Amino acid sequence: MSRADTRDTASILAARADARSQGDGVSDWMAYLPAARTPYPPAGVDPQLLTWAETVAPGGYTHKVVSRGTRIRLEDVAGDACAHLLVFNALEPWERLNVADTQKIPWQAYLGAGHPLLSGDGRVLATVVADTSGHHDAFCGTSTDLWNLEKYGDAAPHGPSPSGRARLTLAAAKHGLGPGDLPPSVSFFQGLRVEVDGAFTWQGSAGPATYVDLLAELPLVVLVANVPHPLDPRTDYVVGPLRVHAWRSSPSAPDDPHADATPERRRAYLNTVDYAEARGL
Amino acid sequence: MNTTIETATSTVPVGAVHTPDSPLDWSEPLVAGTVLLDEVVAPNAPWSTTVAAGQVLTIVDVGGNQSADCLIFDAANADERYSVPDTLAWQGNAYVRESTVLRSNLGRPLMTVVGNEVARQDTIGGACGKESNTLRYGHHTAFQHGCRENFLTEAARHGLGARDLVSNLNWFMNVPVEADGSLGIVDGISGPGKRVAVRAERDVLVLVSNCPQMNNPCNDFNPTPLRMLVTAPGLA
């Protein structure tokens, strides 16, 4: 029996009733509204402070504008997520993640707890304030359609192996940003390491139920694509669900340990606070 | 015309200065062919050109260990531009060497390194800038010139702006990554007259900043000129 045979949608009233009867449905990948009603509340967080609760589908993407001081938790539920992240200053989006500065200025190529995600304007857009995975990458960015065509045989946005760039392009468009606004991204939950000769060694996942917390140091446009890492050695398109929660918190203060850890970071947070104060944020 | 202009003094703080009498080797094109363009980029200055498909750009490190910060755009569609992560992911290696394909943000070849006289070229270290200098060296350095200023200046000549600047190449700069992830700009491994040659795989716009940084060894603390040669192979 086909689906049409079991549904009465012959009239507008019947079709409306049919449509409305679906409203309480659930799926494994959805946003939970209001966020306080998330089925997966982060331990130790007052649910009333939550501003974002969502499970991102494999191959899916999400995006949100968050205020300064928002703490964003990305969780790799099953150990196969890969969260490709871009952040922009929501007030002046030409200020955005600068991966080169994010690696160079802290003198550290590998992302981990305490690492600032820097813009090219000498400020911290977000801080990695917690990390139970340690398997991340700031070298290889995300996949392109060309890459996925070669690797999986398809890259259509509506197909079985969408690329990270295509996902981020869609997310960006919803904030008025175009393809030219997408700089190199970083990714969480699938790691690699650099050998002496420069070769990348695949590290992969740290396993299920790890998370990364990002603290928004400015109002941010956050774009996330949940797609396989380009160098994932699996020939199939394998990616797991990504859970996102965010809640109201406080931005870093210049004397917080991670902000005061090195001279470069100290000045980065001073610049960020200076900007925020001047703008009345 | 005011003939005293050549001797006019200035109260602008002096930035990076090319040390007089430092050894220079102007060299010659790394790939033979008809020379279509032969220009000098003065120390601290920006530069750009278009390179047509098949033509080869030779960059000469005239004074040695002079970082040539470089961005590449599709000449017909600047939204497609050089991408560090695509270049690195496709080749599975963090360093640029001979035969490295310089890929765009769509993964497609923009240029290929067809000649290289330095063991390892950098594309991790990014560009210096007035703002990032405040983090790296202190706010007292923010008045100094930087590559980001050069890129913005040169980009504006082509209708491009801050949104179009992404992570770049640094010809003749040395940025090792160590086992623990430590990464930084250290003393260079180039020398006077060393060259790199890149062939355009399609018509491209190349922006270069002759790095004016005076707070790290990316130019040996002595900014020197670069020689830029575009040749058409096979037409000699």
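Biologist: If contact means heavy atoms within 4.5 Å of each other, which residues is Thr210(A) in contact with, leaving aside its neighbours within four places in sequence?

Modeller: With those neighbours set aside, Thr210(A) is in contact with Leu74(A), Glu75(A), Asp76(A), Thr132(A), Ser133(A) and Phe189(A). Please keep in mind that this is a predicted model, in which local features need pLDDT of at least 70 and side-chain atom pairs count only at pLDDT 80 or more, while totals for chains, interfaces and linings use all residues. Residues are numbered from 1 along each chain as its sequence is written, chains are lettered from A and ligands numbered from 1 in the order in which they are written, and side-chain values use heavy atoms, with hydrogens and water left out.

Biologist: OK, and is Thr210(A) buried or exposed?

Modeller: Thr210(A) counts as buried, at 6% relative accessibility; buried means under 20% relative accessible area, exposed means over 50%, and partly exposed is in between, using a 1.4 Å probe and protein chains only. Thr210(A) lies in strand 11 of chain A, residues 210-216, where strands (E, at least two residues) and helices (H or I, at least four) are DSSP runs numbered from the N terminus.

Biologist: Which way do the residues of strand 11 of chain B point?

Modeller: Leu226(B), Met228(B), Val230(B) and Ala232(B) point one way, whereas Arg227(B), Leu229(B) and Thr231(B) point the other way, and all are buried. In a regular strand, side chains alternate between the two faces of the sheet.

Biologist: Switching to helices, what span should helix 5 of chain A have?

Modeller: Helix 5 of chain A has 17 residues, 263-279, so at 1.5 Å a residue it should span 24 Å, and this agrees with its end C-alpha atoms, which are 25 Å apart; the expected span is 1.5 Å times one less than the number of residues. Gly280(A) follows helix 5, with a positive phi near 70°.

Biologist: And what covers the buried residues of helix 5 of chain A?

Modeller: The cover includes strand 4 (83-89), strand 5 (116-118) and strand 6 (124-131) of chain A, together with helix 2 (130-136) of chain B. Among the buried residues of helix 5 are Arg267(A), Tyr269(A) and Tyr275(A).

Biologist: How much area do chain A and chain B bury between them?

Modeller: They bury about 3,600 Å², 57% of it on carbon and sulfur atoms, where buried area is the accessible area (1.4 Å probe) that two parts lose on being put together, summed over both. Lys104(A), Phe139(A) and Arg267(A) supply 16% of the area that chain A buries against chain B, more than any other three residues. In terms of contacts, 46 residues of chain A meet 45 residues of chain B.

Biologist: How many aromatic pairs are there over all chains?

Modeller: The count comes to 4, taking rings of Phe, Tyr and Trp (its six-membered ring) as paired if their centres lie within 6.5 Å, with planes under 30 degrees apart called stacked, over 60 edge-to-face and the rest tilted. The rings of Tyr32(A) and Tyr40(A) have their centres 5.9 Å apart and their planes at 65°, so that pair is edge-to-face. Tyr32(A) is buried at 9% relative accessible area, whereas Tyr40(A) is partly exposed at 38%. The rings of Phe139(A) and Phe200(A) have centres 5.7 Å apart and planes at 50°, so that pair is tilted.

Biologist: Where do Phe139(A) and Phe200(A) lie?

Modeller: Phe139(A) is in the loop between strand 7 (136-137) and helix 3 (145-152) of chain A, and Phe200(A) is in strand 10 of chain A, residues 200-204, so the pair ties together parts that are 61 residues apart in sequence. Phe139(A) is buried, at 3% relative accessibility, and Phe200(A) is buried at 13%.

Methods
Contact = heavy atoms within 4.5 Å.
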